[in-house]
Amino acid sequence: MEEVKVSVMRFIPSEDEQPRYETYSITPKDNMTVLDTLFLIVEDQDPSLSFRCACRLGMCGTCGMMINGRGRLACRTKVEELGDEILVEPMRSFPVIKDVAVDMEPFFDSWKKVKPYFVPKEDTDEFAIIPKHAKSREVIDNNSDCITCGLCYQSCDAVSIRDGEYMGPAALSRAHNLIADERDGARSERLDMVTGEEGVFECHSFGACLEVCPKGINPMETIQKIKTKKLKKTVGLKW
Ligand code: FES
């Protein structure tokens with residue numbers, strides 16, 4: 001490709017009535033990512049463009065955006081996979097701060113609701129020892145790769161239908177990590193929290209979360225596991 005047209009949503013909520021789109025032409029280089037194109041635009045064409053990023057390695061989770069209609073990490077999305085027209089928009093379900101930079105507060109508010117930290121049992125004298133091949137370790141390993149990018153949250157129709165009054169896939173996945181950990185002293189309380197209002201029973205298994213997760217995590221499956229644990233707990237079975 002000799003030239004790629006990158007259309008980016010521009011919007012300053014305190015000044016603009018409506019978002020608008022600006023299109024920039026760039027000459028792509030080998031292995032260029034969408035994040036590289038945004039930097040190129042800022043350096044050569046329009047320094048006022050705003051977006052979020054930090055690591056540029058797919059690790060920090062800050063560069064989530066809608067790219068050609070799908071939630072993706074800009075630093076992990078190659079231009080050559082997208083063709084010669086690229087549309088960049090902010091993630092859904094988040095307030096826009098400026099252009100494609102969004103305020104992640106709704107996501108982290110949900111995260112806080114699930115008590116996302118380990119609570120040691122009172123009789124725990126050693127901290128965080130997990131035997132190498134323990135079953136509980138296998139259960140949580142994949143979910144522990146979450147980079148809190150918010151892509152699952154923004155893609156979730158249950159989040160948008162309930163206007164944020166649903167904890168969303170990432171927070172529930174995080175809760176499951178702790179519920180599945182038998183050393184955690186708050187797992188019973190946590191299970192009740194995430195199976196109440198705004199919790200797992202709001203999930204309609206649309207599956208968008210697992211399609212967009214850049215780490216290959218399957219929050220929908222995890223949410224089903226939480227539902228099963230709750231049912232077992234309710235009828236008095238070991239969970
Ligand atoms: S910049 Fe860190 S994940 Fe993309």
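Reader: Is the crossing in which α6 passes α9 left-handed or right-handed?
Author: Both elements are helices, and helices (H or I, at least four residues) and strands (E, at least two) are DSSP runs, numbered from the N terminus. A crossing is left-handed if the near helix is turned anticlockwise from the far one by less than a right angle, and right-handed if clockwise. For α6 passing α9, the crossing is left-handed.

Reader: What kind of model is this?
Author: Residues are numbered from 1 along each chain as its sequence is written, and side-chain values use heavy atoms, with hydrogens and water left out. Local features need pLDDT of at least 70, side-chain atom pairs count only at pLDDT 80 or more, and totals for chains, interfaces and linings use all residues; the model is predicted.

Reader: Which word describes how α6 and α9 lie to each other?
Author: Axes are lines fitted to C-alpha atoms, for helices over the stretch in contact, and angles run from 0 to 180 degrees between N-to-C directions. The axes of α6 and α9 (residues 219–234) come within 9 Å and cross at roughly 50 degrees. Angles under 35 degrees count as roughly parallel, over 145 as roughly antiparallel, 65 to 115 as roughly perpendicular and the rest as oblique. The two helices α6 and α9 are therefore oblique.

Reader: How do the residues in the contact of α6 with α9 divide by class?
Author: Contact means heavy atoms within 4.5 Å; here α6 brings P169, L172, S173, H176 and I179, and α9 brings P219, T222, I223, K225, I226 and K229. Ala, Val, Leu, Ile, Met, Phe, Trp, Tyr, Cys and Pro count as nonpolar, Asp, Glu, Lys and Arg as charged, and the others, Gly among them, as polar. The contact of α6 with α9 has 6 nonpolar, 3 polar and 2 charged residues.

Reader: How do α2 and α6 lie to each other?
Author: Helix α2 (residues 105–113) packs against α6 (residues 169–179) at about 25 degrees, with the axes 8 Å apart. The crossing of α2 past α6 is right-handed. From the angle, α2 and α6 are therefore roughly parallel.

Reader: How many residues of the contact of α2 with α6 are nonpolar, polar and charged?
Author: On the α2 side the contact uses F107, S110 and W111, and on the α6 side A170, A171 and R174. By class, these are 4 nonpolar, 1 polar and 1 charged.

Reader: Which strands are among the elements that cover the buried residues of α1?
Author: Buried means under 20% relative accessible area, exposed over 50%, partly exposed in between (1.4 Å probe, protein chains only). In α1 (residues 34–44) the buried residues are V34, L35, T37, L38, L40 and I41. What covers them includes β1 (4–10), β2 (20–26), β3 (64–67) and β5 (85–89).

Reader: Which residue of β5 stands opposite V6?
Author: The strands β1 and β5 pair in the parallel sense, over 4 bridges. Within β5, the residue opposite V6 is I86.

Reader: Which residue of β4 is the bridge partner of I67?
Author: The strands β3 and β4 run antiparallel and are joined by 4 bridges. They form a hairpin with 2 residues between them, and N68 in the turn has a positive phi of about 50 degrees. In β4, the bridge partner of I67 is R70.

Reader: Is E211 buried or exposed?
Author: E211 sits in helix α8 (residues 208–212). With a relative accessible area of 55%, E211 is exposed.

Reader: What is the relative accessibility of R56?
Author: R56 lies in the loop between α1 and β3. Its phi is positive, about 65 degrees, although R56 is not a glycine. R56 counts as partly exposed, because its relative accessibility is 39%.

Definitions and conventions: Two strands pair if DSSP finds at least two bridges between them.
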